[in-house]
Amino acid sequence: MNAGANRRNIYILGGLVVVGGYLFYTNVLSGPSSPEPSRPSSAATRTSAAPASAPTSELQSAPRRQASSSRLSEEFRPSLKPKRPEDRVDPMSIDPTLRLDLLAKVQAVYIEGGRRNLFQVGAAPLPPEPTVTVKPGTQMAHQMGPEPAPPPPPKPTDPPPPPINLKY
């Protein structure tokens, strides 16, 4: 056996253990890099709820435990309320009546555009073909060139799949 190769592997393994230990310490064991904002309401509640005979070390460690557990369970909850009081809507000033005149006005609007149902799958219906009216005594122009190809014969339809015999 070559003793130099084994020593080199041991040095590499030792270096990896040191780097892994450092990363574990910085990510798991060390506290946050910035101090947590103090929450006076939760700290005051814990202090007032603790019995008078409790040692001071337990009172000092209780907010720290609470802060670390709240940090893990915090969720992003955005508030849609305006922060300034003058921007807030007074609920007593809102009129809850149903305005039927406005609903009738909206229903009377003619919808322009296609008549396609968005909830049905398939091709859109074709527009109607224009009709040509010919006055008596006039001659129709004949088409020059080759005759258009006849339409292809209709494809035979496949029989429907057999029914599934399942019971609930």
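Buried means under 20% relative accessible area, exposed over 50%, and partly exposed in between (1.4 Å probe, protein chains only). By that scale Arg84 counts as partly exposed, because its relative accessibility is 49%.

## Model and confidence

This is a predicted model, in which local features need pLDDT of at least 70, side-chain atom pairs count only at pLDDT 80 or more, and totals for chains, interfaces and linings use all residues. Residues are numbered from 1 along each chain as its sequence is written, and side-chain values use heavy atoms, with hydrogens and water left out.

The protein chain has a mean pLDDT of 74 (the predictor's confidence in each residue, from 0 to 100). In 67% of its residues the pLDDT reaches 70 or more. Over residues 42–63 the value is below 50. Beyond near neighbours in sequence, that stretch has five contacts in the model (heavy atoms within 4.5 Å). Where pLDDT is low, the predicted coordinates should not be read in detail.

## Secondary structure

The protein chain holds four helices and zero strands. These are DSSP runs numbered from the N terminus: helices are H or I with at least four residues, strands E with at least two. Read along the sequence, the pattern is α-α-α-α.

Helix H2 (residues 40–49) has the lowest mean pLDDT, 47. Helix H4 (residues 100–107) has the highest, 91.

## Surface

Of the 168 residues in the protein chain, 2% count as buried. The accessible surface comes to about 17,700 Å². Carbon and sulfur atoms account for 62% of that surface. Accessible areas come from the Shrake-Rupley method with a 1.4 Å probe; for residues, only the protein chains shown count as cover.

Phe24, Tyr25, Val28 and Leu29 form a nonpolar patch on the surface. Patches are made of residues with over 30% relative accessible area and no salt bridge; like charges are joined within 9 Å, nonpolar side chains (Val, Leu, Ile, Met, Phe, Trp, Tyr) within 5 Å. Leu29 lies in helix H1 (residues 3–29). Leu29 counts as exposed because its relative accessibility is 56%.

## Salt bridges

The structure holds three salt bridges. Each term of the pair is set by distance: a side-chain nitrogen of Lys or Arg within 4 Å of a carboxyl oxygen of Asp or Glu. Side chains of opposite charge can pair when their charged atoms come close.

Arg84, Glu86 and Asp87 are linked in a network. Arg84 meets Glu86 at 3.7 Å, N to O, and Asp87 at 2.8 Å, N to O. Glu86 is exposed at 58% relative accessibility, whereas Asp87 is partly exposed at 37%. Arg99 and Asp101 also form a salt bridge, at 3.4 Å, N to O. Arg99 is partly exposed at 46%, and Asp101 is partly exposed at 48%.
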